[in-house]
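Q: Please take a close look at one part of this protein, the salt bridges, and describe the setting of the side chains involved.

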Amino acid sequence: MIKGGAVEIKTEKDFEWHRYWRWRVEKGKGRSRIIYIIRGEWIKVMWKTQKSNVVTYHYLWMNSGKPNNRNLRWILYKHMGKKKKGRKVDINTKSGEEFKEEDGHEWGRNWTMVVITRGKGTYEVQTTVSEWYKVSKPFLKALVPGTVVALKGGNKKKWCSDLGRKVSCNRPWIKAWEKFVVEDAGNGKIALRGGRRKKYCTVSRKKFKCSSKRLGKSEKFIVEELGNGQIALKDSKGKYCTDEGRRIKCNAKKVGAW
């Protein structure tokens with residue numbers, strides 16, 4: 001249904017067609033009313049074009065108003081299709097990134113949107129999708145998204161524990177607070193959830209702690225493999241995280257023993 005009428009939708013191959021139905025009510029004799037129902041022609045609303053390896057989806061927006069951010073997200077999801085298992089989508093205002101894991105690597109592709117005014121309340125939203133590209137680094141075997149890991153600090157070789165306001169690498173055991181859940185943060189980065197309250201580990205004022213409720217820029221880390229089963233974590237500002245015993249700080253410019 002739309003304001004002042006209804007829309008009928010059908011799909012044929014790669015095209016989507018709309019037919020608009022509108023009505024108006026006029027006075028008849030006495031208390032009677034005459035209802036006029038007007039049926040429009042079928043209009044091609046969604047179609048796709050391909051030039052070389054670039055695919056562009058076209059969608060006519062005919063709601064008398066320019067599509068807002070919410071409308072654009074709806075159109076983008078419409079082109080992407082149903083969310084598939086193992087897929088992750090990050091959507092901004094007029095663009096999106098889609099990720100999948102395959103053959104031990106993370107793959108991504110970009111979606112961009114452009115709104116063109118066609119006149120009389122009609123707009124065309126052109127959505128272009130790139131080819132799948134391989135993210136620069138494969139996932140490390142020790143930090144695969146969806147797994148639970150324990151981290152051992154480089155200072156005194158003790159297990160790191162989630163204490164809420166800080167993470168300390170001073171435990172001789174592995175219990176609930178010493179277990180971290182690895183999540184995929186996109187673009188080859190990972191996120192960690194602490195074992196205490198299942199919150200995301202973040203860096204605030206150079207201090208590493210697991211206290212964040214949402215996954216943002218500060219909760220994403222780059223993992224570097226050092227060999228011999230050792231890794232280094234780099235925060236969103238490009239600083240390495242260092243085991244200081246009582247706490248972890250992310251302020252180092254290069255990898256050291258800690």
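**Salt bridges and their surroundings**

A: R193 has a relative accessible area of 23% and is therefore partly exposed (buried means under 20%, exposed over 50%, and partly exposed in between, with a 1.4 Å probe and protein chains only). The model is predicted, so that local features need pLDDT of at least 70 and side-chain atom pairs count only at pLDDT 80 or more, while totals for chains, interfaces and linings use all residues. Residues are numbered from 1 along each chain as its sequence is written, and side-chain values use heavy atoms, with hydrogens and water left out.

R193 pairs with E183 in a salt bridge whose closest N and O atoms are 2.7 Å apart (a side-chain nitrogen of Lys or Arg within 4 Å of a carboxyl oxygen of Asp or Glu). Because E183 belongs to strand β14 (residues 180–186) and R193 to strand β15 (residues 189–193), the pair ties together parts that are 10 residues apart in sequence (strands are DSSP runs of E, at least two residues, numbered from the N terminus). E183, at a relative accessible area of 22%, is likewise partly exposed.

The count comes to four salt bridges, among them the one between R171 and E178, where the closest N and O atoms lie 3.9 Å apart. Here R171 is buried at 18% relative accessibility, and E178 is buried at 2%. R118 and E124 form another, at 2.5 Å from N to O; in this pair R118 is partly exposed at 48% relative accessibility, whereas E124, at 5%, is buried.

Conventions
Helix = DSSP H or I, 4+ residues; strand = E, 2+ residues; numbered from the N terminus.
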